[in-house]
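The following report is meant to be read beside the structure. Please keep the model in view and locate each part as it is named.

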Number of protein chains: 2
Amino acid sequence: MNRPLRADAARNRRLLLAAAADEFAEHGLEASIADIAKRAGIGKGTVFRHFATKEDLIAAIVLDRVEALIETGEDLLRSENSGEALLEFLTAAAQQRQQRDLSFLQRASAGNAEVSRLQARLQETIDQLVERAREDGAVRDDVTGTDLFLLMCAPNYIAGYAHTAAPELWRRYLAIIFDGLRPEGAHPLPHPAPER
Amino acid sequence: MNRPLRADAARNRRLLLAAAADEFAEHGLEASIADIAKRAGIGKGTVFRHFATKEDLIAAIVLDRVEALIETGEDLLRSENSGEALLEFLTAAAQQRQQRDLSFLQRASAGNAEVSRLQARLQETIDQLVERAREDGAVRDDVTGTDLFLLMCAPNYIAGYAHTAAPELWRRYLAIIFDGLRPEGAHPLPHPAPER
DNA sequence: GCCGAACCGGACCGGGCGGTCAACTTTGTA
DNA sequence: TACAAAGTTGACCGCCCGGTCCGGTTCGGC
């Protein structure tokens, strides 16, 4: 068991994670460790003390965000209207991404075991959200939790091209996609749902 | 006016473009010029003779693909069923992307003037495709050509996570999104369509 | 078949990157 | 307050990348 971090180390860790998120959001995956350190106001060596490699740093950021999403999902699981809840979850996910688009980090940390573990938990939460909505007839019955896990980030991706001009544009595409998920007017799907 | 390329230069140019597309598809934007040259069976210097910078090479690849899409769109503009035509166009776009996902190149070459020009032409083609479908009542009347321009690539993005396991999965999400574009069961959209 | 222009290739350059390390500073505990 | 452990730092390393350059090769008009 590792003892708690020293006060200064804990502070630096927080600064570092925040600065890294900002820097990645601005410059993409190519953001350099040196720039991140400078932004956090710490030395480059300190970065590597906290995270052995750049990949570890990325994984830590992703972990934070996935965790937040799981919490939101679990809260919504306790709400009344299951259809609303699902839509709200998607909205929350999109909002997180809109604030700072770090989707590429998710892809970059795909191999990480910890990230996979937590993402599986997120997947489970989404499964329940969808199952509930489906039973209530709020979404068509041929969509699965895995579908929603994949669809989740699409609105931001679509709106990404006009990000600065219309930062809330993702709402439009979320609505279109959600209409496609409704039972009314649904056409049979040409491809089976993906396995895990 | 530049005279035609010498026979060997023309051949190398073709080899180079093909190899670059493959290499980018496999290794992403970070694919190195040296590797591309090796794959094409030519020297590194030759790459830079054909394209002054890496960005120029990327733009050339993107240009080829956008051109192909414009042609497909213009053909479909002459078909009978406007709704089918739109769906077919989206299918063609997705298929191109599924073969080799080079969406990141599109983003990387966003600044290029030539690319912008051709993309504007593609946009026009899509506008007409959508307008026709809308008049026929095949799609809801609050979606625009710009919407479809943005939505076009979403199915591949969504299916990208399971690319090798289910290469045709994009068809599923294209169908869901297209259901969302239909007039039946459409709910009002919470955000106006983007301008150009 | 000759010859100049076009083309090819790979050694080379400067720069920036991720990551290391050893000297130094801060922390917190006894 | 004394001191060992934990944390910090930035100069430094090796590597690889995009891009240059020039001696050698190939093409094609005459």
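In this predicted model, helix α4 (residues 54-76) of chain A and helix α5 (residues 82-99) of chain A pack at an angle of about 160°, and they are therefore roughly antiparallel to each other. Angles over 145 degrees count as roughly antiparallel, under 35 as roughly parallel, 65 to 115 as roughly perpendicular and the rest as oblique. Such angles run from 0 to 180 degrees between N-to-C directions, and the axes are lines fitted to C-alpha atoms, for helices over the stretch in contact.

On the side of α4(A), the contact is made by Arg65(A), Ala68(A), Leu69(A), Thr72(A), Gly73(A) and Leu76(A). Their partners on α5(A) are Ala85(A), Glu88(A), Phe89(A), Ala92(A), Ala93(A) and Gln96(A). Two residues are in contact if their C-beta atoms, placed from the backbone, lie within 7 Å. This contact has 7 nonpolar, 3 polar and 2 charged residues. In this scheme, Ala, Val, Leu, Ile, Met, Phe, Trp, Tyr, Cys and Pro are nonpolar, Asp, Glu, Lys and Arg are charged, and the others, Gly among them, are polar.

Residues are numbered from 1 along each chain as its sequence is written, while chains are lettered from A and ligands numbered from 1 in the order in which they are written. Since the model is predicted, local features need pLDDT of at least 70 and side-chain atom pairs count only at pLDDT 80 or more, whereas totals for chains, interfaces and linings use all residues.

Chain A as a whole has 10 helices and 0 strands (DSSP runs numbered from the N terminus: H or I of at least four residues for helices, E of at least two for strands). Its C-alpha atoms fill a box of roughly 60 × 45 × 30 Å, taken along the principal axes.

Two packed helices are described by the angle between their axes and the distance between the axes.

| Helix pair | Angle | Distance between axes |
|---|---|---|
| α1(B) and α4(B) | about 90° | 10 Å |
| α1(B) and α2(B) | about 125° | 8 Å |

Helix α1 (residues 7-27) of chain B packs against helix α4 (residues 54-76) of chain B at about 90°, which makes α1(B) roughly perpendicular to α4(B). Leu17(B), Ala20(B) and Ala21(B) of α1(B) meet Leu57(B), Ala60(B) and Ile61(B) of α4(B). This contact has 6 nonpolar, no polar and no charged residues.

Between α1(B) and α2(B) the angle is about 125°, so α1(B) is oblique to α2(B). The crossing is right-handed. From α1(B) the contact draws on Leu15(B), Leu16(B), Ala19(B), Ala20(B), Asp22(B) and Glu23(B), and from α2(B) on Asp35(B), Ile36(B), Arg39(B) and Ala40(B). By class, these are 6 nonpolar, no polar and 4 charged residues.

How are the two chains related? Chain A is superposed on chain B by a rotation of 180° with 0.0 Å of shift along its axis (RMSD 0.1 Å), by least squares on the C-alpha atoms of residues with pLDDT of at least 70 in both. The two copies are thus related as by a two-fold rotation axis. In chain A, the C-alpha of Gly180(A) is nearest the axis, at 1.8 Å.

Where the chains meet, 29 residues of chain A are in contact with 29 residues of chain B. Helix α10 (170-181) of chain A gives the most to the side of chain A that touches chain B, with 9 residues. That side has 19 nonpolar, 4 polar and 6 charged residues.

DNA strand C is surrounded by 22 residues, the closest being Ala7(A), Gly45(A), Ile42(B), Gly43(B) and Gly45(B); a residue is near a strand if its C-beta atom, placed from the backbone, lies within 6 Å of it. The largest share of this surface, 4 residues, comes from α3(B). The surface has 7 nonpolar, 7 polar and 8 charged residues.

DNA strand D likewise has 22 residues around it, the closest being Gly43(A), Gly45(A), Ala7(B), Ser32(B) and Gly45(B). Here α3(A) supplies the largest share, 4 residues. The residues near DNA strand D divide into 7 nonpolar, 7 polar and 8 charged.

How values were computed: Left-handed = near helix turned anticlockwise from the far one by under 90°.
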